[in-house]
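Me: I would like to go through the labels on this model one by one. For each, set the value against the definition and conclude.

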Amino acid sequence: MQPPVHGPKWRHLTDGDACNAQEYAVTQLIIRFIVGGLFVSAFALIGSMLKPKSFAGLFGAAPSVALATLALTISKNGKPYAAMEARSMIAGAAALLIYCVVVLFLLKRTRMRTLAATSSALAVWLGVALALWWGFLT
């Protein structure tokens with residue numbers, strides 16, 4: 001017998017206790033595909049209205065996946081836990097921004113090869129990400 005469902009009718013589909021592990025994993029994947037696809041389509045539509053058109057790819061990648069993940073996290077673990085996850089996403093985005101600036105500097109100023117610049121800047125990204133995690137998230 002199914003336990004009574006309180007709240008939204010789809011909530012039991014994201015609750016790991018209400019169904020077996022395989023059903024839960026498949027349901028999570030389907031919800032991620034649907035929510036992620038909707039966000040990717042919306043951001044691609046917004047990006048196609050802007051110039052240059054490469055913004056469509058930029059907006060369609062990470063933000064849409066992050067929003068889908070946050071929506072699932074809110075439905076499963078609640079808003080406080082999702083807020084903590086969002087802080088981690090912001091710290092990761094800040095580390096990525098600094099990584100991109102360092103790569104840009106290496107490519108423009110030193111004329112370093114692309115593979116060497118991006119590979120060597122990974123150490124910067126890791127250092128910044130660990131510093132932000134240690135300084136703000138622990």
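Reply: Start with burial: buried means under 20% relative accessible area, exposed over 50%, and partly exposed in between (1.4 Å probe, protein chains only). Of the 138 residues of the chain, 20% count as buried. The model is predicted: local features need pLDDT of at least 70, side-chain atom pairs count only at pLDDT 80 or more, and totals for chains, interfaces and linings use all residues. Numbering starts from 1 along each chain as its sequence is written, and side-chain values use heavy atoms, with hydrogens and water left out.

Me: What makes up the secondary structure of the chain?

Reply: Six helices and zero strands. Both are DSSP runs, numbered from the N terminus: helices are H or I with at least four residues, strands E with at least two.

Me: Why is Thr-73 called buried?

Reply: Its relative accessibility is 13%, so Thr-73 counts as buried. Thr-73 lies in helix α4, residues 62-77.

Me: What does Thr-73 touch, leaving out residues up to four places away in sequence?

Reply: Gly-78, Tyr-81, Ala-82 and Glu-85. Contact means heavy atoms within 4.5 Å.

Me: Why does Leu-70 count as buried?

Reply: Because its relative accessibility is 19%, Leu-70 counts as buried. This residue is also in helix α4. Leu-70 touches Ala-82, Ala-86 and Met-89, not counting residues up to four places away in sequence. From Leu-70 to Ala-83 is 13 residues in sequence and 8.6 Å in space, C-alpha to C-alpha.

Me: How do α5 and α6 cross?

Reply: Their axes come within 8 Å and cross at roughly 150 degrees. That makes α5 roughly antiparallel to α6. The cut-offs: under 35 degrees is roughly parallel, over 145 roughly antiparallel, 65 to 115 roughly perpendicular, and the rest oblique. Axes are lines fitted to C-alpha atoms, for helices over the stretch in contact, with angles from 0 to 180 degrees between N-to-C directions.

Me: Why is Arg-111 called exposed?

Reply: Its relative accessibility is 70%, so Arg-111 counts as exposed. Arg-111 lies in the loop between α5 (79-109) and α6 (114-137).

Me: What is the phi of Arg-111?

Reply: Near 60 degrees, a positive value in a residue other than glycine. Most residues other than glycine have a negative phi.
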